[in-house]
Each structure stands twice: as C-alpha cells, then as structure tokens.
There are 2 protein chains.
Amino acid sequence: MAGPKDLTHLLSEEALARRPSPLKTAFKYFADPNVVFLGGGLPLADYFPWNKITAESPNPPFRNGIAAVPQSVEEATQTVLAKHSSDNGHHQDIPLSRSLQYGFTEGQAELLDFIKEHTKLVHNVPYEGWDIITSIGNTQSWDATLRTFTSKGDTILVEEFSFSSALETANALGVTQFPVPMDDFGIIPEKLEDVLTNWVGPKPKLLYTIATGQNPTGSSLSSERRAAIYKLAQEHDFIIVEDEPYYYLQMDTYTTDKSAREGKAVHTHKEFLNALVTSFISLDVDGRVIRLDSFSKVLAPGSRVGWIVGQKPILERYIRLHEVSMQTPSGFAQSIINGTLQRWGQDGYLDWLIGLRQEYTHKRDVAIDAVSAHFPKEVSHYIAPVAGMFFTVQFDASKHPKFEEFGKDPLKVENALYEEGLQEGALLIPGSWFKAQGQTNPPQKEQTVPGSENTIFFRGTYAAVPLDKLVVGIERFGKAVTKSFGLN
Amino acid sequence: MAGPKDLTHLLSEEALARRPSPLKTAFKYFADPNVVFLGGGLPLADYFPWNKITAESPNPPFRNGIAAVPQSVEEATQTVLAKHSSDNGHHQDIPLSRSLQYGFTEGQAELLDFIKEHTKLVHNVPYEGWDIITSIGNTQSWDATLRTFTSKGDTILVEEFSFSSALETANALGVTQFPVPMDDFGIIPEKLEDVLTNWVGPKPKLLYTIATGQNPTGSSLSSERRAAIYKLAQEHDFIIVEDEPYYYLQMDTYTTDKSAREGKAVHTHKEFLNALVTSFISLDVDGRVIRLDSFSKVLAPGSRVGWIVGQKPILERYIRLHEVSMQTPSGFAQSIINGTLQRWGQDGYLDWLIGLRQEYTHKRDVAIDAVSAHFPKEVSHYIAPVAGMFFTVQFDASKHPKFEEFGKDPLKVENALYEEGLQEGALLIPGSWFKAQGQTNPPQKEQTVPGSENTIFFRGTYAAVPLDKLVVGIERFGKAVTKSFGLN
C-alpha cells in the first residue's frame, strides 16, 4: 500500500493561513521530569468536582432487542469511571482527570483506538497513513470541512436535493453549490461527468454526498456508482466528502412477501459486515475522501461525538482549526461512550448495530407496507429505501386536477398536497425544500436538466415515531393525496 | 430599563447571509396532537443505550476545601440522571431522553435557568432583553463571535499582549488585529481613545479583551477603566467582547504580611459578590457587550460547556450559526453539570466559587512570595495579580550584560533567559509569544508607542502545579535570571 497523494493545493485560504503556535514548542517540556513547567493555564484535576461517574446500559448480545431496559444490575453493562486511572478504573477507560482537562484535540486515545479498529473491520482503507480524529458530529465536521477546503466564491458539487442545513452552511460562507442530477439511486455518474467535462472556470474543490440513506431522498449509491464517481474525482482532482450518519442504518432488502422477510435478515457479524455497501473511503487509493461518521444515529445525537476519517496531513489542518474553535468533544461524552464501548467490545458493538438494523428494517417495512396500501398507485412512485431514516414518495404534478389552474407550476401542486396533508393530520416535508439553490448561476456552458420537471416528492421518516402512529400518519397522508388528486 | 440598541449594522457578511430554514416552519406542528409528524429525522430515545447515569461530587459548603474527596456516600452530592423525567428524576434535572436527542441549540432550559439566575446575582445587566445561550467554551464562543461580527479584511482591537490562540483564530479568518497599549493594569483608556480618534478608514467592529486575570499579563481592568472604555465603545460604535474565563478566579488582595492574609479573606456570599470586579456587561446600557463565560476554569475544561451573554437579536445570529456547526454542548455534559448545580443550588455554587477563591489566593500568595524571595530586585518588576491563573515578571533588557552584543535586541535577551531557565529546570513563557501581530499595517495616521521598548516579560502560572513544585520552579527561574544578568 502506498501513501496518500499530496492534496494541499485543494486547501482553503483559511486552512493555509493557520500558523503553528509558538506555545507548542514549549509543550514538549510538559512531561520532562527535569523541568518544572509553569507554562500552561491548566486547572488542577483536584478541583474538578466529579469523583466518579457511572453509566448503565443494556448488555450484548441484546437478545431482547436493543430497546429493552435491563431489569437487573446483572443484565446491565455498568460503566464506572474514576477520576484517576489508578482508582479502580477499567484499563481501557479514559480517567476523568484526563477527559475533563484541556488537551488531546484529536480525541482521547482509547476512544480513537476503538473507532479505528472498528473502521478497519468495516472499511479496510486502501492506503497507508489514513487516520481518525473526533468531531462534534457531522454538522460540525461539515462546517470544518468547508473551512478547510473552500474559500468565499468557490463552488462545490452537491446532490440536487440535499440536507438543507448542510447547504445553508456553505451558503453563508459564500460558497456556491452546484447541484448534480440524481435519480432513484442517487447521483448519476454520467450526468456528473457531463457537468465536469463542460465545466468552465476553476474546477469544484469537492463533492458533498450523503451517499447512504440520502437525506432527503432516501437513496443509496451502489458500489458501481461509487467506483465511477471516485474515478471522476481522480480525473478532475476533487475531494469526495462522504457524509455518512446513516451508514449503520442499512436494512435488509424490502419484500412485499412478509413470510420471506425473516429469511432475508442478517444475523452473524460476518453477514452483517458483508451486507454493508461499499464506502467511498474503502475505494480511496489516493487519500481524497473525507469520511464524516457519527454516533448520533447509532447511539445518541446529543452525545455530540463524531469522527472524521482521512489522510493525516489533511486531518492535521482540521486539528489546527479545532484547537481555535470547539477544541474537542466533551470529556463526559468521550469517557462515557468509550467506557461503554470498551466493555461491549468490538463484537458487542456489532451486536448493537445488528440490533439497530433489525429495528430499522422493521420500521421501514411497516412504512412501505402502509405507503403501498394507502397511496393511490395512479400518481405515486416510490422505492423502498435500503438505508437511513427516510422514504420518499414522488408524484406527477401534471396529473393534478388543478395543474392548469396553478399555471402548470408543480410547486403549487406540492403546496396543495402539503396543506391537504395538514388538514388530514399528517406532515411530510415537501421535496422542494431540499433543492440545492446553486442553479441560477452555474459556471457551465450548458445546463443538464435533472429528471422530469413535473415530478414532485415528499420526504417522510419512519425513525421518529412509534409504529402505530407511523401507520396512521401514512394512511392520513395517502388519503390527502387521493383527495387532492380527485381520485376518491 | 430600556431595550438594547439595534446593532445589526455591525454584523458580518456571514451572519447577514444566514437564511431561515424552511424546515423550521414545519416544526411548529411537531407537538400538535392533531398532526402525525413524519418530518424530522430523530432517532427514538428507546435506542439510546444509557438508562441511567450517576455522578458523585463533594457537598456544599465544602468545609474541608473543594479538593477534598467525599469519604462516604453521605458526604457526597449524588446526581442520578434518568432517561425519562418520570423515572425518579429530580424535578430540575434534564432527562437523558431530551439531552441526548437533537434540539435546543440554545441549551437546555434547566441549565440556562440556573446560569441566568447566577448571572442576575452577579452582573445585574442594566437593559431589558438580554439573554444567555450555551457554547462549547470560550474558544468556540470567540470563533463564533468573529464569524458573527467580522468579515475578511476587517480590523478588530485587541490587547497589545493577548492569548495567542485567540489572535490566531482572527488571523486565519483574515481579520487584522490592532494592538491597544496596556500597562500593569490592562488597557490604557487614554491610549485607546488616541487610537480611535486617529483612526483612518472603517472603524473597528469590536474590542476583544480578557478583562479579568488577563492572559498573558495577569492584569485586571479596574471599574474606572471599564467605564471609560465602555464610553469609548458608545462613542465609536463598537462591540466589547469580554472574554472572562478567569472572572471567578478573583483573589483576595496580596499582602506580604502573612499574618494579615486571613483578615483579608472573603467568607460570606455577600462579601464574595461585593468583592467581584465590575464587569462590562454590568455597565452595558446599550446591549453592545458580548460576555463569554465558561465552566472550564471553575468546574472542568473538558466539560466543553460555556455560555454567551448578550442581547437577544444578536444571540439569535449565534444560534443560527450553532445550528449549522457544533449545534449544542454535549447532552452528557449538560445533564451532569445541571444535575450537580441544581442539587448544590445557587448558594452551594457560591460556596464552590468561594472555595476556589481560597485555593487560588493561596497559590497566588505562595507564587508571589517565591518571586519576591528568589528574583533579583535590581532588574525585576512584578505586581501581584488579583485574578486568574497567571503572574508576570518584567525585566529591563537593557540591563543585561549581553545587551550590546545582542545588537540591543530585547528579544535576544528574552530568549537567553528562556534558555537559561530551561538549563536550570524551569519553564516560563516569553511574553513576546503573546504579542499581537497587527502593528505592521495599522490603519492609523500615527502610531502610539506602547511601554518601554526594552521591557520584556515572562508569564508563569500558579494554577497547574502543586505548591512544592511551584516554589521550586520559581526559585530555579529566579536563579536563571540572576545568573543571566550576571548578578550572582
């Protein structure tokens, strides 16, 4: 395996402007036994008011499902965190005296080790010198990524429909977003090639993609598409930012035959790992992928702990940024998450992820069954997602009885459906709310026309509500669609 | 009390470019009982693996000192955090199902209430409509402040010597720093007035000041100076950013008479509150002060929880930024800190801060006693700090025997002392490492000359080391100074 390509020419003005702190040179004496170090403004750990923290979790292999609350102390994983490592701490624990102190911007070693081991198991990154640093979740990682690679006036590639907050982050930084055409299965590599071949002016620095369980469309890129897109990144020299919060919410294939569902389920660790889709980072021979991962969807969003995978020299620029902004995820979060994961072990964590897969597969099945049962087939199109929290249903706006009256404006049909849904008592999000806004000023010779102009869609989620409410909500929205299209 | 002035004309391009998310309009239906909300990608709290978290702390009034570890369960404050508020939670607790979920970018209500009550006790902010939001510590707050007020090419005012990371944050964003002359007691208002009166071009948007226990100088601005500086901010229409991590590390007045020390100590809550210096926010009739506060120095840096005090319309711009970057402090941190503080109560928290004051007063006394005993009086100048973690000792470089040989370069004397210190086995940080770098290109007609050109200084800390090591370190550095200046 070779090392990564030098991609420093893709760094932003801000990233290039960061100077090393002279204080760093002094810190090499911090642990020198011959020097009394009066250099750093660190409070003594004696003054941290927490002597002990404990956290109780269910125990692998989670036989009663990941949501089952342990009924006794014996059924639970007890994480007991001490202030000092000598105070009866588990040998892989991060003692509070360290996690609650300054330092370790890249993250605490024990937690990084666990995540790195897990990353090796899953992604098998094909170059020497990749690494991992912690972040405060993918939203922060994306903001840091924009600051590391883009300067005001730059253009980036985004999916035609994307997470609106992510687009807004780029917008406020003065970074233009060029939308790449998608279909039911995500970015269309041939269309992306057209975009790049016809590009006028400085090439885009990066492609931002929510490659698995895409938000909002629910689509997931196949291995073939990822390979084709990676090849384009090499040819046109851009970074691929794979924002993958939903990667571990992959599900068994949907089938309408309920009796066949159990047969499709993943059970062993090997089956689980084999069933995961190819990630961009696993194709990354150049070191041009920045992978954004997070515990938000697999453990808890409020933990505010994520991680970034990439080549070391680029991660070093992130560390310099983190030093002068958020520094590091909370020590409470790092100690508790690490303590729990170290007690579960890599196998126990895979058990947890398999349990999560079962839960989401079931929720997805219930949602798609309900869509199939309650949405009018004449005007609706949907595919069952294979990952993530979202499903989408597309409609042909031109079939709406008021299409002419609305001046053939599909957005007016979309709004009519949204309002009718609220009348019936169900809310799904109109797809146009996620549309990338960069189209008006594309630095292109000719513009590609994505999809049919009259296709509109709505995004629903099966993640946030219990199953009974999920079915009621979908039934209500289906009724609203039926009514609005005059099909009842 | 009147409301704040409209200061939106001072916002940055980035802050002004932020658009409200259309998704926000949908979220008003989130809690509507008539609507099944399938809009948001939130995981169910059932899948958060932590059912219970407990944290053990010492108990107010901390009679054995804040560093004393509780010897029994009865001596400790036991914070037991449940997943759901109904699960035996303390009524002011933040349940894990909420703190570990998405949402509440401004911070969790219970914690904000506690901090707001504390802020009222201490600062008595003199306008209607001030508010508080959480941050991830003052480093992140400062980064967010720069992004909220400054655009590339802007100039800000900073203390002539300042926290190098804070200056570097501005530097990388392309923001020029103009250094304001200081003396032993911080910014000199008359010099600042000169700077502003002679200013050419667009006025600076803000003044960044570490007003209490300044880093690196250890100086603290008097009430009179703060009032004078505030008046200048009104006249020249800029924001004052008071970065106050050390505000609660204020100490009793230093005296060489050891027997008089106990008599100067603060004991009651009233004495403690009265002894605190006037903050800028307590003078802020206009709403032009942004106060950055943090638990880093008073509880633990790794908690990564701070807060920002300011007028609501400006804090709203921070919230929009936080939504698309770090979002919110970790839910673990918010639940644990809030749980502990709610059990201590406002009075218990003041007890903690008084305990901290006693610890730091003693450490400062030991440090200054040692400086007095071991530094050669002929070339050294120092004053005992009244706040913070740092003391500084100034030297007249022109008295160094090699001054001529060094080409009259005071920085070479500084470096010689640094190296001699390391030889003796003690490290203090050279003052020049903290010098603001904006001088080379000041947008000014005439430049003020700060202090004597031949004065150099070193920053030491009494915070990070036990008392015995502190004395050894100071003794060694004093010996190095004595040697280097040829005084032995």
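## Helices, rings and domains in a predicted model

Modeller: Helix α5 of chain A (residues 138-149) has twelve residues, which should span 16 Å at 1.5 Å a residue. The end C-alpha atoms of this helix are 16 Å apart, which agrees. Bear in mind that this is a predicted model.

Biologist: How many of the twelve residues of α5(A) are buried?

Modeller: Buried means under 20% relative accessible area. The buried residues of α5(A) include A:Asn138, A:Trp142, A:Arg147 and A:Phe149. The helix is largely enclosed by the rest of the structure, because the buried count is twelve of twelve.

Biologist: Turn to chain B. What distance does helix α5 of chain B reach from its first C-alpha to its last?

Modeller: This helix covers residues 138-149 of chain B. α5(B) is mostly covered, with twelve of its twelve residues buried. Among them are B:Gln140, B:Asp143 and B:Leu146. From first C-alpha to last, helix α5 of chain B reaches 16 Å.

Biologist: Now the rings. Are B:Phe375 and B:Phe395 stacked or edge-to-face?

Modeller: Their ring centres are 6.3 Å apart. Planes under 30 degrees apart count as stacked. The planes of B:Phe375 and B:Phe395 meet at 15 degrees, so the pair is stacked.

Biologist: Where are B:Phe375 and B:Phe395, and how many residues apart?

Modeller: B:Phe375 counts as buried at 5% relative accessibility. B:Phe395 counts as buried too, at 2%. B:Phe375 is in the loop between α12 (331-374) and β13 (380-381) of chain B, and B:Phe395 is in strand β14 (residues 390-396). The pair links distant parts of the chain, 20 residues apart.

Biologist: Which residues do ring pairs link into a cluster in chain A?

Modeller: Over all chains, the count comes to 46 aromatic pairs. Some of these rings join up in chain A. The cluster is A:Phe375, A:Phe395, A:Phe458, A:Phe477 and A:Phe485.

Biologist: Over which ring does the charged end of A:Lys116 sit?

Modeller: In chain B, the charged end of B:Lys116 sits over the ring of B:Trp130, 5.1 Å from its centre. In chain A, the charged end of A:Lys116 is 5.1 Å from the centre of its ring, that of A:Trp130.

Biologist: What area do domain 1 of chain A and domain 2 of chain A bury between them?

Modeller: Domain 1 of chain A takes in 8-17, 104-244 and 279-329, and domain 2 is 375-484. Their centres are 28 Å apart, taken over C-alpha atoms. The contact takes 28 residues from domain 1 of chain A and 26 from domain 2 of chain A. Of the area buried between them, 63% is on carbon and sulfur atoms, and the total is about 2,300 Å².

Biologist: How far apart in space are B:Val266 and B:Gln358?

Modeller: B:Val266 is in the loop between α9 (261-264) and α10 (269-275) of chain B. At 8% relative accessibility, B:Val266 counts as buried. Leaving aside neighbours within four places in sequence, its contacts include B:Asp252, B:Phe272, B:Ile354 and B:Gln358. B:Val266 and B:Gln358 are 92 residues apart in sequence, but C-alpha to C-alpha they are 8.2 Å apart.

Biologist: What is omega for the cis peptide bond that joins A:Asn215 and A:Pro216?

Modeller: A:Pro216 lies in the loop between β9 (206-209) and α8 (223-236) of chain A. In chain B, a cis peptide bond joins B:Asn215 and B:Pro216, with omega about 15 degrees. For A:Asn215 and A:Pro216, omega is about 20 degrees.

How values were computed:
Residues are numbered from 1 along each chain as its sequence is written. Chains are lettered from A and ligands numbered from 1 in the order in which they are written. This is a predicted model: local features need pLDDT of at least 70, side-chain atom pairs count only at pLDDT 80 or more; totals for chains, interfaces and linings use all residues. Side-chain values use heavy atoms; hydrogens and water are left out. Helices (H or I, at least four residues) and strands (E, at least two) are DSSP runs, numbered from the N terminus. The expected span of a helix is 1.5 Å times one less than its number of residues. Buried means under 20% relative accessible area, exposed over 50%, partly exposed in between (1.4 Å probe, protein chains only). Rings of Phe, Tyr and Trp (its six-membered ring) pair if their centres lie within 6.5 Å; planes under 30 degrees apart count as stacked, over 60 as edge-to-face and the rest as tilted. A charge sits over a ring if NZ of Lys or CZ of Arg is within 6 Å of the ring centre and within 35 degrees of the ring normal. Domain bounds come from an automatic or database domain assignment. Contact means heavy atoms within 4.5 Å. Buried area is the accessible area (1.4 Å probe) that two parts lose on being put together, summed over both.
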